[in-house]
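Subject: Structure handover and notes

Dear colleague,

I am passing the structure on to you with this message, and my notes on it follow below. Please keep the sequence and the model open side by side while you read.

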Amino acid sequence: MDFEKILGKCGDNHRYQYMLLALYGLLMFIVSRHYFAQSVISFVPDHWCYHERLENRSHADIAAIYSKFENPSCTRLESIDPDGSNAIASKEPCIRWIYSYDHGFISMNADLNWVCDSAYKARVGQSLFFVGSMCGTLLFGLLGDRIGRIRAMVLANWCGFLGDSATIFAQSLVTFSISRFASGLAAEANSYIMYILVLEYVSPLLRSVGLNLTMCIFYCLGMISASWQAVWLGNWRTFMVWSALPQVLVTFFYFLVQESAEWLVTRHDIDGAVLRLRRVAKFNRREVSETDFELFRQHCKTKESEACSQVSMQKQTRLMDALKFPRLRLRLIYVLLFFTIITLCYNTMSRNVEGLGMSPFVMFTLFALTLPPSGLVQILAQRHVGRKFTSVTSMTVTGVLTAASGILLTFWKEPSLGVMVALILASRFGISISTGATMQMSAELVPTCVRSSGLAVVHVMGAALSFLSPFILHMDRYFRGASSIILCLLLLLSAWLCLLVPETRNKKLPATLAEGEEFGRGERMFDFLRRSRRDGKDTINADTNEKLMAE
């Protein structure tokens, strides 16, 4: 009796699974607040160089006085008449600013005066967050294999808590960068590990629908709560306290979530795996006989003996061996490239909420509201027209819309707010679909025997390339549409790369490296445009349908 069968007897769609989904939703709520906290604290309000004759003037008057200068936010005045006329610019740099706080929120950039020539400091700290994310994915991925998934997830969240707590006391670029690096260690690892744990213990129906909807809804709620709680608190340091504290709650997951039973089997702890399954059955109020557990023990022992005797098969599962297969090697390179590009585009567009003529808090909320519908559209599109069509179309359309918004901001001095918001929201909707479709397509194209290590590599590379995200946005200071044009080119490149890989819909996914080498042979670039023929060879049935995320 294998794991799927014994889990079915213990219950795979009952009370314990609903609790897992609830805890996963809570974690997604916490993760989204943690992930986007650095964007919220880095909002830059409208600002102008200080002059004593501007003290009692309204922000509208100050903006009108500075409007004639090329760089009004960073131009220092040497003199100005009492009535506000004859303003003469100074060659000296600004050392003090007047801020027009958006909804009264004092951001980190405004508090520390990290604007104008010092604006790069916030970008550097944000980049170190992504470096920490890359290191954390590797570190806690390895720890998860050695000390268990639950312990690794709890440790990851404690790193996030300590990093966010240290950020509260940051006063310099060095302390801010170190604290953001520590905070970034938890950015990907905690959600990825919990995703695997939930995936193992729930039924296929909950995996495909419940898991995705839970993630979209609670991630959206976390983003919205982060932006408006910041407005309510009014200060970035107080907001970081509220961002850090919820991560401590993940510690209690250790007492609620069962350790991965399949991981325990790989550690030759069959008794431990059986103990966790007994707890699941008890929580679900299911009666499982000792005979069933004994059959599961025998199955695990048989698999262990087979694994020990098949040394050659063990060698075949190494990711490096996949590089010996020409077609598979090229496909893995394509997967790596378009996954990292889409990850970079997603992180860049998620943070681009300023300079759009609307409060960044409102834009952040609107962006968050696109997540649940984009998740539903992705599921429906992949089911009816396929993975490749969904990915290529969403990438291409999103790239065009992004370029259009950048061009309008550059050459239309007073663009229509409604038009700009519509274009940007459509772009945000599209990149959400592209990201979800890319994640699933990447998992399906990597053979089962190297899927875990292969996905770990692409996630790490995605986090590494996201290091460039803050600097891409920083280029808008020199040319307003620079980031939009760059993102458009990257999205079109990723769409072209997706055209080079085979469709995976209604096909038996490759399990071995040899199958991966032959997968999609003879398929041409645009064959996916033809309607799939559902015949006995290609349709995935109960025997060939497999988990996309390896334990």
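Is Asn 113 buried, partly exposed or exposed? Asn 113 is partly exposed, with a relative accessible area of 28%, where buried means under 20% relative accessible area, exposed means over 50%, and partly exposed lies in between (1.4 Å probe, protein chains only).

Before going further, please note that this is a predicted model, in which local features need pLDDT of at least 70 and side-chain atom pairs count only at pLDDT 80 or more, while totals for chains, interfaces and linings use all residues. Residues are numbered from 1 along each chain as its sequence is written, and side-chain values use heavy atoms, with hydrogens and water left out.

Two backbone angles

Asn 113 is found in the loop between H4 and helix H5 (120-147); helices here are DSSP runs (H or I, at least four residues) numbered from the N terminus. Although Asn 113 is not a glycine, it has a positive phi of about 60°. Arg 285, which is likewise a residue other than glycine, has a positive phi near 60°. Arg 285 sits in the loop between H13 and H14, and with a relative accessible area of 65% Arg 285 is exposed.

The nonpolar cores

A nonpolar core is a set of buried Ala, Val, Leu, Ile, Met, Phe, Trp, Tyr and Cys residues joined through side-chain atoms within 4.5 Å. The largest nonpolar core has 109 residues, and those with the most contacts inside it are Met 194, Tyr 201, Tyr 219, Val 257, Leu 277 and Phe 296. Helix H2 (residues 15-41) gives the largest share of this core, 15 residues. If we leave aside neighbours within four places in sequence, Val 257 is in contact (heavy atoms within 4.5 Å) with Tyr 16, Leu 20, Leu 23, Ile 150, Met 194 and Leu 197. Another core lies apart from the largest one and has 18 residues, among them Cys 49, Leu 54, Ile 65 and Tyr 99.

Ile 6 belongs to helix H1 (residues 3-10) and is buried, with a relative accessible area of 0%. Not counting residues up to four places away in sequence, Ile 6 touches Met 1, Leu 277, Val 288, Asp 292, Phe 293 and Phe 296. Tyr 66, in helix H3 (residues 59-66), is buried with a relative accessible area of 0%. Leaving aside its neighbours within four places in sequence, Tyr 66 is in contact with Trp 48, Cys 49, Leu 54, Pro 72, Thr 75 and Leu 77.

How H2 meets H10

The axes of H2 and H10, which are lines fitted to C-alpha atoms over the stretch in contact, with angles from 0 to 180 degrees between N-to-C directions, come within 10 Å and cross at roughly 175°. H2 and H10 are therefore roughly antiparallel to each other, a term that applies to angles over 145 degrees. Arg 33, His 34, Ala 37, Val 40 and Ile 41 in H2 meet Trp 236, Phe 239, Met 240, Trp 242 and Ser 243 in H10.

Salt bridges

A search of the whole structure finds seven salt bridges, each being a side-chain nitrogen of Lys or Arg within 4 Å of a carboxyl oxygen of Asp or Glu. In one of them, the side chains of Asp 111 and Arg 237 meet at 3.4 Å, N to O. This pair links distant parts of the chain, with Asp 111 in helix H4 (residues 108-111) and Arg 237 in helix H10 (residues 236-244), 126 residues apart. Asp 111 is partly exposed at 35% relative accessible area, whereas Arg 237, at 18%, counts as buried.

Asp 164 forms a salt bridge with Arg 180, the closest N and O atoms being 3.1 Å apart. Asp 164 is in helix H6 (residues 149-168) and Arg 180 in helix H7 (residues 173-184). Asp 164 counts as buried at 0% relative accessibility, and Arg 180 counts as buried at 0% too.

Glu 290 and Arg 278 meet through their side chains in a salt bridge of 2.8 Å, N to O. Salt bridges that share partners also join Asp 271, Glu 294 and Arg 297 into one network.

With best wishes

Note on methods
Angles under 35 degrees count as roughly parallel, over 145 as roughly antiparallel, 65 to 115 as roughly perpendicular and the rest as oblique.
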